[in-house]
Every structure is written in C-alpha cells, then in structure tokens.
Amino acid sequence: MHHQWLLLAACFWVIFMFMVASKFITLTFKDPDVYSAKQEFLFLTTMPEVRKLPEEKHIPEELKPTGKELPDSRLVQPLVYMERLELIRNVCRDDALKNLSHTPVSKFVLDRIFVCDKHKILFCQTPKVGNTQWKKVLIVLNGAFPSIEEIPENVVHDHEKNGLPRLSSFSDAEIQKRLKTYFKFFIVRDPFERLISAFKDKFVHNPRFEPWYRHEIAPGIIRKYRRNRTETRGIQFEDFVRYLGDPNHRWLDLQFGDHIIHWVTYVELCAPCEIMYSVIGHHETLEDDAPYILKEAGIDHLVSYPTIPPGITVYNRTKVERYFLGISKRDIRRLYARFEGDFKLFGYQKPDFLLN
C-alpha cells in the first residue's frame with residue numbers, strides 16, 4: 001500500500017514537471033526577437049506574404065491597349081489615353097453628330113497614312129500639328145537615314161525620296177491587314193488654333209517652294225468670299241474663315257486638290273470613327289504624349305522624338321482672340337458648325353468666348 005502511494009505521487013510529480021516545462025517552452029518561442037525572426041525567415045523561404053490587391057476595373061476588350069508589348073516589360077496604358085479613345089467611340093455612336101464624325105476610308109484618307117512595315121506602325125498625317133517631326137521619326141525607322149539630324153529638310157516632304165510609303169499604295173487585302181494589326185496613331189490640337197497656324201504658314205509666311213497658296217488658292221478664296229470688292233490687300237483671315245465655314249466649300253476644295261489637307265477636319269483626314277487607332281496624341285501635351293507613343297509602339301529604344309521648344313505646344317487663347325477679332329459671329333458660328341465634330345471627338349472645349 002505504501003509503495004502504491006509513492007508510485008502515485010511520483011506520477012503526479014512527473015505530470016506537474018511536464019506542464020511547467022511545456023509552459024516554459026511556449027513562453028520562450030513567443031519571445032518577439034526570436035519568433036518574429038524565425039517567422040520572417042519561414043515566410044521568405046516558403047511563401048511570400050500575400051497582400052490584397054485593389055479591385056481591378058473591368059476594361060472592355062475594345063478599350064484595352066493595342067500598343068505592342070516590349071519583351072521585358074508590361075506596358076499599362078494610362079487612364080488619360082484610354083479616356084481619349086473612349087470619348088471617340090462615344091461621339092462616333094452619337095447619331096446627332098454622325099455627319100460630322102464619320103467619313104469613308106477613301107483614297108484621300110489612305111493617302112494621309114504613312115507606313116512603317118519594319119515596326120508595324122501606321123501614322124496618319126494631320127498637318128500643322130508637328131507632323132514633320134513624326135515623319136522624321138518614321139524615316140529613320142524605315143532605314144532611309146541613320147538619324148533624325150541627318151535628314152535634309154527638303155527630303156522630309158518629298159515622298160519620292162523619304163522612303164515613307166502611303167497606305168494607299170498597297171492592295172485592298174494588304175491595307176486591311178495593316179489596319180487590323182499595326183499600331184496606329186495621330187496627333188491633334190485645338191481645331192481653331194490649327195486653322196490659324198495653317199493660315200499663317202501657307203498665306204502669310206508662304207514658303208517660296210509653295211507659291212501656289214499665295215498665287216492660286218488665295219485669289220480663288222478672295223474672289224468668292226471677300227465682301228469688300230474694292231479691298232486690294234492679300235487674303236485676310238476673315239476671307240479664310242468664310243471659305244471654311246461655307247457649307248458649299250467643296251467645289252473650291254476640288255479645285256485646290258490635296259493642298260486642302262492643311263485645313264480640312266481631322267475626321268476628313270484620318271477617319272477616327274472608321275479606323276480604330278491605338279493612341280491619339282494631343283499637341284498641347286506632346287511632351288508627355290510623344291514618349292508614350294514611342295513606348296507603346298515598342299520603338300522608344302530605337303529613336304527619340306526631337307526636342308520640343310519650351311512653350312511651343314501651349315494653347316494660346318490670346319492669339320485666337322486676336323485673329324478672330326472683327327470677324328462676325330455668324331461667320332464664326334458657321335466655322336464652328338463645320339469643325340464641331342473635331343471639338344467633340346477630341347475633347348476640346350467649345351470656344352464660347354468667340355461664339356457668344
């Protein structure tokens with residue numbers, strides 16, 4: 001009996017010592033300096049910490065970026081460029097603006113689109129929006145010249161020498177293939193400011209190698225649209241505005257031929273409702289847009305956009321007001337009626353300061 005009590009006491013003692021030891025071990029491993037280090041090591045070597053990612057916005061298939069992806073990076077299209085494309089699609093669906101936003105993909109449009117097959121790029125020319133520099137970029141990419149600096153100015157617009165094929169030079173099947181698969185872009189700027197630039201360049205400064213603007217086109221506009229027949233001055237901006245705002249301007253356009261590319265609408269030049277472009281750049285934000293376009297096209301490691309002089313791309317409302325000063329509200333409203341599609345498609349504010 002005595003031995004049984006001793007055995008029972010020994011069992012209780014063993015159980016008590018085991019409980020104390022277990023408590024000590026638990027406290028030891030809960031020491032922050034030891035456990036956290038051990039835990040961190042385990043997480044680093046087995047499974048990384050998983051953080052809950054913010055909910056991703058659903059992007060419709062047609063709005064997903066269409067630029068080519070570089071082999072070693074994933075290009076995510078910033079919201080501003082997606083918003084521009086979405087705005088175009090919304091305006092294109094607006095039946096009230098259909099006559100101002102839609103145009104057939106005619107030879108005239110295909111003549112405006114330059115091709116770089118080597119890098120699968122299509123560029124639609126919109127004159128008076130810095131297009132000369134984009135042409136230089138494509139000329140280098142096509143291999144006609146090793147660098148932008150080495151391209152003679154008289155070669156840039158000489159399509160016999162600059163190595164830039166037009167989309168119209170391909171067969172119908174080849175045209176469709178390129179329109180569906182190539183990176184496509186063009187640049188826009190405030191429509192009225194672009195018209196001022198076109199007027200200054202072609203009729204005021206009129207380069208010597210383009211005499212037809214001053215000696216053929218200007219007299220044709222003056223004969224039809226100048227109100228004061230005794231006025232002997234050369235073409236004025238008011239004459240130009242009346243011509244562009246005339247609903248029956250097309251009969252003069254036919255006489256002027258392709259020279260009208262400097263002042264017709266972006267819709268007429270590039271058919272943005274018929275062709276799904278990858279990126280639309282804005283002249284006013286070209287410092288950001290040019291590098292982005294090069295990156296999206298997958299060519300930023302091959303060529304750079306030429307340096308942009310400070311302030312040259314900023315919208316100048318004072319200049320716009322000065323040029324339209326003295327022009328009747330009726331003529332300005334008719335001009336806006338023609339270019340309203342451009343204002344709406346590309347998000348430019350309606351110039352109420354000129355219209356009201």
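**Entry 1: a salt bridge**

I looked up D258 and found that it forms a salt bridge with R112, the closest N and O atoms being 3.9 Å apart. A salt bridge here is a side-chain nitrogen of Lys or Arg within 4 Å of a carboxyl oxygen of Asp or Glu. D258 lies in the loop between α12 (250-256) and α13, while R112 sits in helix α5 (residues 107-112), so the pair ties together parts that are 146 residues apart in sequence. I note that helices (H or I, at least four residues) and strands (E, at least two) are DSSP runs, numbered from the N terminus.

I then checked burial: R112 counts as buried at 2% relative accessibility, whereas D258 is partly exposed, with a relative accessible area of 43%. Buried means under 20% relative accessible area, exposed over 50%, and partly exposed in between (1.4 Å probe, protein chains only).

**Entry 2: what I am looking at**

This is a predicted model, in which local features need pLDDT of at least 70 and side-chain atom pairs count only at pLDDT 80 or more, while totals for chains, interfaces and linings use all residues. Residues are numbered from 1 along each chain as its sequence is written, and side-chain values use heavy atoms, with hydrogens and water left out.

**Entry 3: other salt bridges**

I have a count of 22 salt bridges. One of them joins E268 and R338, with the closest N and O atoms 3.3 Å apart. E268 is in helix α13 and R338 in helix α16 (residues 329-345), so this pair ties together parts that are 70 residues apart in sequence. E268 is buried, with a relative accessible area of 15%, and R338 is buried, with 13%.

I also looked at D331, which forms a salt bridge with R330 at 3.3 Å between the closest N and O atoms. D331 is buried, with a relative accessible area of 3%, but R330 is partly exposed at 46% relative accessibility. R330 and D331 belong to a network of salt bridges that also links R226, R227, E238, D239 and R242.

**Entry 4: disulfides**

I found two disulfides, each a pair of cysteine sulfur atoms within 2.5 Å. C124 is joined to C270, S to S 2.0 Å. C124 lies in strand β2 (residues 121-124) and C270 in helix α13, so the link ties together parts that are 146 residues apart in sequence. Both C124 and C270 are buried.

C92 is joined to C273, S to S 1.9 Å. This link is left-handed, with -90° about the S-S bond. Counting bonded cysteines along the chain, I get the pattern 1-4, 2-3.

I searched the whole structure and got one cavity of 30 Å³ or more. On a 1 Å grid over the protein atoms alone, a cavity is a set of points where a 1.4 Å probe fits but cannot get out, and a pocket is an open set with protein on both sides within 12 Å along at least five of seven lines; lining residues have an atom within 4 Å of a point. The largest cavity is lined by I121, W134, V137, L138, F185, L294, A297 and I299. Helix α6 (residues 131-141) gives the most to this lining, with three residues.

The largest pocket holds about 1100 Å³ of space. Of the 38 residues that line it, the closest to its centre are K128, T132, H157, K202 and H262. A volume is the space filled by probe spheres set on the points, with grid points joined across faces, edges and corners.
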